[in-house]
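Subject: Structure for your review

Dear colleague,

Please find below the sequence and structure that I am handing over to you. My notes on the findings come after them.

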Amino acid sequence: MLAHQHDMAPAHQGRMHSHKWYQLMYASSGLLNVTFADKMVVIPPHKAIWLPPDCEHRTFTPVGAKFRSLYFRPDHVAALGEESKVLNISPLIRELILEVVERCDLDLAWNPADFRLLTVLLDQLSIQKDRGITLAIPQDTRLAVLVETIQENPSNEMALDDWAFHLGVSSRTISRIFIAQTGIGFKEWRQRMRLLHSLVLLEKGLSVTQVALDVGYSSSSAFTYAFHQFFHCTPKNYFS
């Protein structure tokens, strides 16, 4: 097993890459915006992402992050499965991750007690269900401008017909691409992008009302309702 820890500055943008081992990627504070397998997910401190070998991924830290990562040989972590997933991180798991990373990163000789600690961490991780809310990113080049625009400015309210005219394709074509490549329609995809982006603004300390307006909602109540439908908690309770 290997470990890595690094305090990443706000707006840190990693390159697209992969590893030969399994990776547990975690931030003890801040946010990780992870793009992988044509999907995007925002990882707050109460979640971590598990990636299989050779999974191309890139990390962006919009507000900075205390990045912590563990790498495992494939033959050592069969219980955690072969698919990428987002795991809940309990206070116990958090402390286990931080302790294991610290011990491994110092390159000390591992004794039996250290291995028992690692075993407890793997046992705890293996019983966590996939709790991630990922958003697939359309890869069709005809929609590149649309996707980039909404990723950079989720409050964009340009209607589907207007996008069709701007891109020189029919609205039916845009809808068909979204359904085929993301599993949801354009409007729902844009709403999910807004909600994922709202996590960054909430982590920055903005009020719920300000966040609602910044991501394109007409009121804090409409935003709170949509947020609860998506994350199953209120904006104020998400990071608690």
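The model is predicted, so local features need pLDDT of at least 70 and side-chain atom pairs count only at pLDDT 80 or more, while totals for chains, interfaces and linings use all residues. Residues are numbered from 1 along each chain as its sequence is written, and side-chain values use heavy atoms, with hydrogens and water left out.

**Sheet and hairpin**

Helices and strands are DSSP runs numbered from the N terminus, with at least four residues (H or I) for a helix and at least two (E) for a strand. Two strands are taken to pair if DSSP finds at least two bridges between them. An open sheet is formed by five strands in the order S2-S7-S4-S5-S10, with antiparallel pairing. Its edge strands, S2 (12-13) and S10 (135-136), each pair on one side only.

Strand S4 (residues 32-36) runs antiparallel to strand S7 (residues 57-61), and four bridges join them. Asn33 stands opposite Phe60 in S7. With strand S5 (residues 39-43), S4 pairs in the antiparallel sense over five bridges; here Leu32 has Ile43 of S5 as its bridge partner. For accessibility, buried means under 20% relative accessible area, exposed means over 50%, and partly exposed lies in between (1.4 Å probe, protein chains only). Four of the five residues of S4 are buried, so this strand is largely enclosed by the rest of the structure.

S4 and S5 form a hairpin with two residues between them. Ala37 lies in the loop between S4 and S5 and, although not a glycine, has a positive phi of about 50°. Asp38 lies in the loop between S4 and S5; this residue is not a glycine either, and its phi is positive at about 65°. Ala37 is partly exposed at 49% relative accessibility, and Asp38 is partly exposed at 44%.

**Aromatic pairs**

Rings of Phe, Tyr and Trp (its six-membered ring) pair if their centres lie within 6.5 Å; planes under 30 degrees apart count as stacked, over 60 as edge-to-face and the rest as tilted. The count by this rule is 11 aromatic pairs. Tyr22 and Trp50 are stacked, at 5.3 Å centre to centre and 15° between the planes. Tyr22 belongs to strand S3 (residues 22-30) and Trp50 to strand S6 (residues 47-51), so the pair ties together parts that are 28 residues apart in sequence. Tyr22 is buried at 8% relative accessible area, and Trp50 is buried at 0%.

Trp50 also forms a tilted pair with Phe72, at 5.9 Å centre to centre and 40° between the planes. Because Trp50 lies in S6 and Phe72 in strand S8 (residues 65-72), this pair ties together parts that are 22 residues apart in sequence. Both Trp50 and Phe72 are buried. Elsewhere, ring pairs link Tyr217, Phe223, Phe227, Phe230, Phe231, Tyr238 and Phe239 into a cluster.

**Helix packing**

Helix H3 (residues 144-152) packs against helix H6 (residues 186-203) at an angle of about 35°, with their axes 9 Å apart. Axes are lines fitted to C-alpha atoms, for helices over the stretch in contact, and angles run from 0 to 180 degrees between N-to-C directions. The contact (heavy atoms within 4.5 Å) is made by Leu146, Val147, Ile150 and Gln151 of H3 and by Phe186, Trp189, Arg190 and Met193 of H6.

Yours sincerely
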